[in-house]
Amino acid sequence: MDAAEDATSDYEHLEHFELFEEFFDAASGLPKFDLTFVHHGLQDVVLHSDFSLQRPSLPLVMANSNFVNGVATKDVTLDDEHNLRVRLFIPEIARSCKAKLPLFVYFHGGGFSFLSVDCQLIHDFCEDLCKDLEVIVASCGYRMAPEHPLPGQFEDALASLEWLLSHSKRSTKDNDAALVDSELDSAAAQAPELERTVDEEEEDVESTSEAWLTSHADFDRVFLVGDSAGGNLVHNILTIFSPHPSYPLHFAGLILIQPAFGGMGRTPAESGELDRPRTCMIDFFWKVCLPRGADRSHPFCHVVPTLLSQGRQFSLPDTLVVVGGRDLLRDWQLAYYEAVKRTDTNIKLVKYDQAEHGFYTVRDHDLRPKLMAEVAEFVTDKRAPLRDRLSLSPPHVIDAPS
């Protein structure tokens, strides 16, 4: 048996064996295509025979509770076993602003397999959202595929939302549920100055972080934000988990930036020969993140059929979808937009014809200010009425198709 045959035999027990034939050189175990170009500069990626992934070392940023560039940050660990963390970002304007600030609950991209809340790409984007839009950002981590395939990431997202729910209860428990907006603003004006919570380094992490939220986050203006895989996550946690009227949290809007949806077969955007390396990378992500044995007809990936079957009786919070004209996923994103339009949902499409996938992670990209302006316009004056609150109940489990 030569080296190539020996290496291939190591993988024969895997149900996803065809993945290795298509994407990896059997002798070396290395990808057949260059990952450097296709996904945020990732390289040196190796998928091992035990279905674990060797990930590249990427620049990381430590949280800093002192204000740097107008933003303070702090990490909260929700689950030590799964290393489940939330990184909070709060703008310096919170020191003097009497009104509470919108809360962005953000889920990062990376094919459900890469990146983290402390990765510089993700940290910098959240920092800019916080500073430029004057919002509080809760950047929520989740477990990685292929070690933890879907729906583990959705479960982690729900755990983060439940943690936020506990803060909304503390923030509003002494208020009459029938207060009008003006009374809420008056109550928010009594919030303590931020110095009392940000600069007291002797306080424990949990109580300090809670104070950032309970004193300064407006839980009537909570926006779920996700890019790429994070956009897929935002959609799925709202459609596979049911509304529950007893929790005082309403999502004022959804912001999906180049969300990662898919399906069986190739779209025109995915069919170009020059784009073959990036198409292979997309194939790779779906192979390793979907439930074992599932293909891209699975509703976690192919979301349009479920939307179309729901019709007008289904609605999401007001939604902004951002599409890039040079993104290989654009056809799936546009199909998603058209399907949501058929439901009882207010949805807006923003399309940048020259935008590639992930353009927003480049700080000096010429389209980034335009994106920030679109998000700011979407958020402005968008407030959840007290009579129309939304939260989450335990999940409806969606099994992989047989």
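Modeller: Helices H3 and H12 make a right-handed crossing. Keep in mind that this is a predicted model.

Colleague: At what angle do H3 and H12 pack, and how far apart are their axes?

Modeller: The angle is about 55°, and the axes of H3 (residues 120–133) and H12 (residues 368–379) are 11 Å apart. The two helices are therefore oblique to each other.

Colleague: Which residues of H3 and H12 meet?

Modeller: From H3 there are Asp124, Phe125, Asp128, Leu129, Asp132 and Leu133. On the H12 side they meet Arg368, Met372, Val375 and Ala376. Sorted by class, that contact has 6 nonpolar and 4 charged residues, and no polar ones.

Colleague: Take Asp128 in H3. Is Asp128 buried or exposed?

Modeller: Asp128 counts as buried, because its relative accessibility is 8% and the cut-off for buried is under 20%.

Colleague: What is Asp128 in contact with, leaving aside neighbours within four places in sequence?

Modeller: Leu133, Arg363, Arg368 and Met372.

Colleague: Let's step back. How many helices and strands does the protein chain have?

Modeller: The chain has 12 helices and 10 strands. It runs to 402 residues, and 54% of them count as buried.

Colleague: What share of the contacts with a separation of 6 or more joins residues 24 or more positions apart?

Modeller: That share is 77% in this chain.

Colleague: Now helix H8. How many of its residues are buried?

Modeller: In H8 (residues 229–239), 10 of the 11 residues are buried, so the helix is largely enclosed by the rest of the structure. The buried ones are Ala229, Gly230, Gly231, Asn232, Leu233, Val234, His235, Asn236, Ile237 and Leu238.

Colleague: Last topic, Lys351. Where is Lys351 placed?

Modeller: Lys351 lies in strand E10, which covers residues 347–352. With 38% relative accessibility, Lys351 counts as partly exposed.

Colleague: And which residues does Lys351 contact, leaving aside neighbours within four places in sequence?

Modeller: Lys351 is in contact with Val323, Gly325 and Leu334.

Colleague: How far apart are Lys351 and Gln258 in sequence and in space?

Modeller: They are 93 residues apart in sequence, and 9.6 Å apart in space from C-alpha to C-alpha.

Conventions:
Residues are numbered from 1 along each chain as its sequence is written. This is a predicted model: local features need pLDDT of at least 70, side-chain atom pairs count only at pLDDT 80 or more; totals for chains, interfaces and linings use all residues. Side-chain values use heavy atoms; hydrogens and water are left out. Axes are lines fitted to C-alpha atoms, for helices over the stretch in contact, and angles run from 0 to 180 degrees between N-to-C directions. Helices (H or I, at least four residues) and strands (E, at least two) are DSSP runs, numbered from the N terminus. Angles under 35 degrees count as roughly parallel, over 145 as roughly antiparallel, 65 to 115 as roughly perpendicular and the rest as oblique. A crossing is left-handed if the near helix is turned anticlockwise from the far one by less than a right angle, and right-handed if clockwise. Contact means heavy atoms within 4.5 Å. Ala, Val, Leu, Ile, Met, Phe, Trp, Tyr, Cys and Pro count as nonpolar, Asp, Glu, Lys and Arg as charged, and the others, Gly among them, as polar. Buried means under 20% relative accessible area, exposed over 50%, partly exposed in between (1.4 Å probe, protein chains only).
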